[in-house]
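Keep the structure in view while reading.

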Amino acid sequence: MTTTLTGSRRPQKTVQRERPRHPRRTARGRNWAGGLAGWLWLGVVVIPLYWTLITSFKAQNRYYASNPLVPTGDPTLDNYRLVIEADFLRYLVNSVVVTAGAVVPAVLFSFMAAYAIVRGWRMPVMRAMNGLFLMGLAIPLQATVIPVYLIIIKLQLYDSLLALILPSIAFAIPLSVLVLSNFIRDVPKELFDSMRVDGATEWTTLWRLAAPLTRPAILTVTIFNALTIWNGFLLPLILTQSPDRRTLPLALWTFQGQYGVNVPAVVAAVVLTTLPVLVLYAFGRRQLLSGLTAGFSR
Amino acid sequence: MSSLTDQRRRRTPRSILPWLATPALVIYVGFAVIPLVGVFALSFTTWDGIGAIHVSGLTSWRAVLTDPGLPHALGVTFMVMVVSWLVQTPVCILLGTFMAGRQRYRALLGVVYFVPLMLSSAAIALAYKALLDPNFGLGAGLKIQVLSQDWLGRPWLAFGVVVFVVSWQFIPFHSLIYQGGVQQIPKSLYEAAQLDGAGRIRQFFSITLPQLKYTIITSSTLMVVGSLTFFDLIFVLTEGGPGDATRVLALDMYKRGFQASLMGPASAIAVILVLVGLALALMLRRLGGRDAGASQLEGA
């Protein structure tokens, strides 16, 4: 809570110098129960992942005969070739277009709305709006897909990537507004006041003050929305039809229908569709995890 | 509403604020609020998804409410919700507390723990489907009898698998929430407790757990409302089967609407989903008794 603020406020040096002097967490000793659960859980997570990975390199005829937990002696890339030749790149591009096309406006609009809600908290309109956005958290928005489908048809957007982008933005707004407004609320009032004394407009304050100070939250919300939309299945399933509009999760599902018996090929497809997010995870892990812990635990 | 904003504009220099919220509001209203109202309206119509929409009064509701499939789907939905909450919450609290500490292998564990968070439900479901195959899956391959059951072919086993896979997918996310919650507990509490001679277990039950109250409510709300939307995982993993053993409401809605072309009854199911979600969220809010949250919800 405070770390995000102190980390980004101006007198950074003094803050950082103070940090090592803070008492260490000596009060907490070793956590044996947690540790045991931790290692057990590691096994639960790793075994399916490991199995998926090694199976994807097995030739189909070897798959049935080999020990499922031992990597094959002669790994093959045939499964991957099969998947890539099944138009994988097109689905990848579709997923990128939909994700980028939805996340950028979703975060931008949510940030502007969150700023307006925090700064305009005295206005009943703003509080009503906040309530409206929060309502989206309490109701499963997936329950509204039938009217969404109808609206998309009426807008003549059915079977287009834009059909996926628009509802994705709407579904991302409630949580984004909540997390972002929580962070904007932490910006000290004096900073806003001094900006106003200097004659800055709300628009300038928004971009020059609030945006830089809440950058970690903005990044977190961006990553979280990107993950959700990238992995989305229901909207592509009901709003598109043509094979060349499929996004990766949907392509994966149809792929399984075509190659059902060929387990190594199916799991190779699983690995391939997962690879892009895992690469991003490798780079953005720290930001994602620290952002999520801070963003949701208030 | 516009007259109200006009008044504000004349009175205060902050008139730009409502405009800043407008883009989000427009898309949200267009693709979430209007559909929400629309789904109520559609539940009183007959529509096959392609042709014309006819108003048909209570026909859809009558069809849905007299269908023995509804209590079953409701039951399965609640069972998945409750059992997966019971499985996930203790594990998440333990893992979260563990991750918030300074354990030696935390960094290593932390890298792997959260991988399931990145995967799509479709990918997870497909991997597990292959892994659990009674003839060629893990159990059969290792020649372990217990593991080579027809996991997805028997009602109770399939239900158990769904709960397990759901937990596998979401425990990382919720442990992360708990980790953040634990990190916000003032360290002085633990120091004081230690001076008083409280052991680790005592500290956990007397400090950590009570201090996590709001975290538990946040996590539970997300878990419970989220579990109403379990669609893709179950759709790919079991398609609601065997029989209707794992046919949750969201899946029921999809099957009636988009597979059986009965959009009216499907909308009625959706309305039920909305009401259940809203009721549960309000109940959890009440349980939390947080002033800010309560007043925020009143605005809705």
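## Charged residues and the chain contact

At 38% relative accessibility, A:Arg90 counts as partly exposed. The model is a predicted one. A:Arg90 forms a salt bridge with A:Asp87, with 3.5 Å between the closest N and O atoms. Both residues lie in helix α5 of chain A, three residues apart, which is about one turn of the helix. That helix covers residues 78-119.

Most residues other than glycine have a negative phi. A:Asp159 likewise has a positive phi of about 65°. A:Asp159 sits in the loop between α7 (145-154) and α8 (161-185) of chain A. With 14% relative accessibility, A:Asp159 counts as buried.

Over all chains, the count is eight salt bridges.

| Salt bridge | Closest N and O atoms |
|---|---|
| A:Arg90 and A:Asp87 | 3.5 Å |
| B:Arg256 and B:Asp67 | 3.2 Å |
| B:Arg247 and B:Asp244 | 3.6 Å |

B:Arg256 forms its salt bridge with B:Asp67. This pair links distant parts of the chain, 189 residues apart: B:Arg256 is in helix α13 (residues 249-259) of chain B, and B:Asp67 is in the loop between α3 (59-66) and α4 (69-100). B:Arg256 is buried at 11% relative accessible area, whereas B:Asp67 is partly exposed at 25%.

In the pair of B:Arg247 and B:Asp244, the arginine is buried, with a relative accessible area of 18%, and B:Asp244 is partly exposed, at 38%. Salt bridges that share partners join B:Asp67, B:Asp244, B:Arg247, B:Asp252 and B:Arg256 into one network.

How many salt bridges does the rule find across the interface of chain A and chain B? The number is zero. The two chains bury about 9,900 Å² between them, 76% of it on carbon and sulfur atoms. Chain A gives 110 residues to the contact and chain B gives 111.

A nonpolar surface patch of about 320 Å² is made by A:Trp39, B:Tyr105 and B:Leu108. A:Trp39 lies in helix α3 (residues 32-55) of chain A and is partly exposed, at 39% relative accessibility.

The unreviewed UniProt entry places the feature "transmembrane region" at several spans of chain A, including residues 130-152 and 164-184. Residues 130-152 are 74% helix, and their end C-alpha atoms lie 26 Å apart. Residues 164-184 are 100% helix, with end C-alpha atoms 29 Å apart.

Methods:
Residues are numbered from 1 along each chain as its sequence is written. Chains are lettered from A and ligands numbered from 1 in the order in which they are written. This is a predicted model: local features need pLDDT of at least 70, side-chain atom pairs count only at pLDDT 80 or more; totals for chains, interfaces and linings use all residues. Side-chain values use heavy atoms; hydrogens and water are left out. UniProt positions are given in the numbering used here, feature names are shortened, and annotations may be inferred rather than shown by experiment. Helices (H or I, at least four residues) and strands (E, at least two) are DSSP runs, numbered from the N terminus. Patches are made of residues with over 30% relative accessible area and no salt bridge: like charges are joined within 9 Å, nonpolar side chains (Val, Leu, Ile, Met, Phe, Trp, Tyr) within 5 Å. Accessible areas come from the Shrake-Rupley method with a 1.4 Å probe; for residues, only the protein chains shown count as cover. A salt bridge is a side-chain nitrogen of Lys or Arg within 4 Å of a carboxyl oxygen of Asp or Glu. Buried means under 20% relative accessible area, exposed over 50%, partly exposed in between (1.4 Å probe, protein chains only). Contact means heavy atoms within 4.5 Å. Buried area is the accessible area (1.4 Å probe) that two parts lose on being put together, summed over both.
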